[in-house]
Structure formats: structure tokens, C-alpha cells
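Below is a report on selected features of one model.

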Amino acid sequence: ARLLGPSDFGIWNAVSLVLAYGAYMELGALSAMGRDLPFCLGQGDLEKAATLEGAARRVTIFGALVAASFVLAFSFLPTHSSKMALGLQAMAVVLTLQQVYTYHRIVLRSHNNFRELSQQQVLLAVVSSVLAILFVVFGGLGGRLIAAILAQAVIVFYALRRNPWRALPKFNLSDVWPVIRVGLPILMSGFVLSLLATIDRLMVITFLGEKQLGYFGLALLLTSVVSLIPAMASQVLFPRITHQFGSSGKNVEALRSFVLTPPKILSALLPVLIGSLYLSLPLVISVLLPAYMPGITAARIVVVGIFFFGILGSTDNFLVATGKLKQYALFGGVALLLNIVLDYLFIQWGYGIEGIALGGTLITYFFYSCIVIGYALSHYTKR
């Protein structure tokens, strides 16, 4: 952010949305595998587990290539600046590599191979950071795009060398449709939540421009820091929830501790991090990122608002594991509609990115977390 400046950093935040939205072209195969593979393993059905892995792999890679083709075609529209077009073209390559690694990561997670998974994710973080700094210093935005491609290529090569994929069962089209049928509702729910998490960026780039998105990118950096703790907790707990649900014969009561405990822990832990960031932000930004001073107020609002999303714990995973997908999608859809309406109204009233932060994060996430946590708790208590 410091080296690129607000305008180019805004372009980077815009084109990186390709990675968020393009990931959903796997048609629910990864979602189905992430939910049902631990379930099958919990039941000891290894043949069905192998069939599920094979179908998910084929659909994921095919979907990634189709999504990349769409992004490449979209990049040639004359309305894009040269930098935006270049960014979209680079993201098409990154998207394909990202999906290959995402499949690999979910396989490791489903088999509870968290040691290897954690090592790979640490490696990806280090390689991405080092390459980003080096290439941005010498190549600016173009260098950042090259670094993104190289980082994904390195982790895919390393991951497949360390844990080669199992041989696929013979391809049978009849194995693919059940996977898509199971995963598509989960995918739609996830897509709604992805929109909920990223719609603010679309609103800023559409109505306020690249530079304002660059300032708002400061809030996105803080969001990624605060979200790290609940994201890691969710990654570890989700396969355990589905495994427990399968081994208990789909007994909801067996998931009680997974639903009740994480929100309590996170609600006590996150304020320590959030409070530190909130109080230190003006000093840190004035020293490290002085060009981003106009984004401080919005960033402080967002870092408080992300608390409410962070304390969900595994309650959203509980809804997926137990098949409450209609409710999950409904809750996300209502929150997304509220987000868009509030964003638009605050922009029209002249509040800029501060209004986006207030409406799209603080108010919306408070509303969403109350609904999701309340509904999950209602399975165990009426208090």
C-alpha cells in the first residue's frame, strides 16, 4: 500500500475481486467436498470419499478455466484503463492456480492433516509477502501482479510435491451431478456472504473512484488482520463438526460444544486485538502510511464492526453441516440487501467511505451476527 500509493492500491483491490467471485465457478463441488468428505470418512465409507474427491477435482479445474476465460474476455472491454485491463488479465492466471490449491487445501483439511496444511499456508504467506515487496519496489503495480502469479505457482508446485493427489477413479458423469446438487445450495449461500464481505469495494469503485478505494483499502488491511483468528478457528472446526455430525448419526445435540463455546471465546479475545488497533491506528498510519490519512476514520469504524462478524465462531458452519442452507442463504441475503441500501444512502448523503464503513460493516454485521448466532443457539436453548 505504501509503495503503490492510493490510486494503484485501489486498482489492486478492485481486480483482486476476481479471486473472490471467480472462485464460485466450481459449481459447489468444493463446498460439497468440504462438507461431505469428512462425513464419509467419519462413517468409514472410503469408496464414496474417493469418488467425491475425483468429481470435485474435475469440476473445480474445469470451472476455474471457464472463469479465467470470462475474465480475460472482460479485460478487453474498451471502458477499462490499461492498468485495470492488465490487472484483470493477471488475475485470470492467479484464479486458475488459486482454485487448484484450494482443492488441495480442502482435501488436507478434510483428512485432518492440519500440520501439513498449516506449513503450506505459512509458506504461502511468506512467499507472497516477500515477492510482493520485491516486485513492487522494482515494478510497481505490474510487479505486484507478477508477484501474485509467482506466489500461487510456487505454493501449487510445493503442495503437489509434498502431497501428490490420489489417482482418480474412472470418470463417470453420474458421479458429478450429485456433488453439484449437494454443493450448489452451499455455494449460493457462500456467494451471498462473499458479496456481503466485498460489496463495499464495488460500491466505492463504482461511485467514488479508484483513489477512494485505495483509502478504503486501509480498512480492508485491518479486516484481514482481525479476521485471521476466527478464520483459522473456523478452518479447524468445520471438518470436525461434519465428522462429529456423521459419526453421531446426524445428532444435533452432539454439536452443542461446537456451537456454544467458540462465540464466547472469540467475544473475549477479539476486543484485545481490535482495541489495540483502534487506539494505535492514527499514530501508525501517520508514520507508516501518511498518504492514507484520509482513510483513518473509515478504518476505525470497520475494525469495530468486524468484531460482530468475527464472533460468529462456528455457528455458520453449524448451519451448513446440518443442512440449514435455506436459512443460511436467507440470513445472508437480507443482510446483503441491508448493506447495499445503507451504502447507497450514505453515499447519496455525502458521507463517502465513512458512510460505507458505518452502513456496510458496523450496522450490517451487527444485524447479521444477531440473526445467525441467535438461530444457531435456538437449537439448544430458548434463553
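## Salt bridges

At 32% relative accessibility, arginine 256 counts as partly exposed (buried means under 20% relative accessible area, exposed over 50%, partly exposed in between, with a 1.4 Å probe and protein chains only). Arginine 256 forms a salt bridge with glutamate 253, their closest N and O atoms being 2.7 Å apart; the term requires a side-chain nitrogen of Lys or Arg within 4 Å of a carboxyl oxygen of Asp or Glu. Glutamate 253 is also partly exposed, at 41%. By this rule the count comes to 3 salt bridges.

Lysine 83 and aspartate 8 meet in a salt bridge at 3.0 Å, N to O. Lysine 83 lies in helix α5 and aspartate 8 in helix α1 (residues 5-15), so the pair ties together parts that are 75 residues apart in sequence. Lysine 83 is partly exposed at 39%, whereas aspartate 8 is buried at 15%. A salt bridge also joins arginine 162 and glutamate 116 (2.9 Å, N to O). Arginine 162 is partly exposed at 45%, and glutamate 116 is buried at 8%.

## Basis of the model

This is a predicted model, in which local features need pLDDT of at least 70 and side-chain atom pairs count only at pLDDT 80 or more, while totals for chains, interfaces and linings use all residues. Residues are numbered from 1 along each chain as its sequence is written, and side-chain values use heavy atoms, with hydrogens and water left out.

## Glutamine 89

Glutamine 89 sits in helix α5 (residues 82-110); helices are DSSP runs (H or I, at least four residues) numbered from the N terminus. Glutamine 89 is partly exposed, with a relative accessible area of 24%. Leaving aside neighbours within four places in sequence, glutamine 89 is in contact with Leu72, Ser75 and Phe76, contact meaning heavy atoms within 4.5 Å.

## Helix α9

The 33 residues of α9 (residues 256-288) should span 48 Å at 1.5 Å a residue, and the end C-alpha atoms are 45 Å apart, which agrees. The expected span is 1.5 Å times one less than the number of residues. Buried residues in α9 include Phe258, Leu266, Leu270 and Ile285. Their cover includes α8 (210-247), α10 (296-310), α11 (315-321) and α13 (352-377).

## Isoleucine 133

Isoleucine 133 lies in helix α6 (residues 114-162) and is exposed, with a relative accessible area of 53%.

How values were computed:
Helix = DSSP H or I, 4+ residues; strand = E, 2+ residues; numbered from the N terminus.
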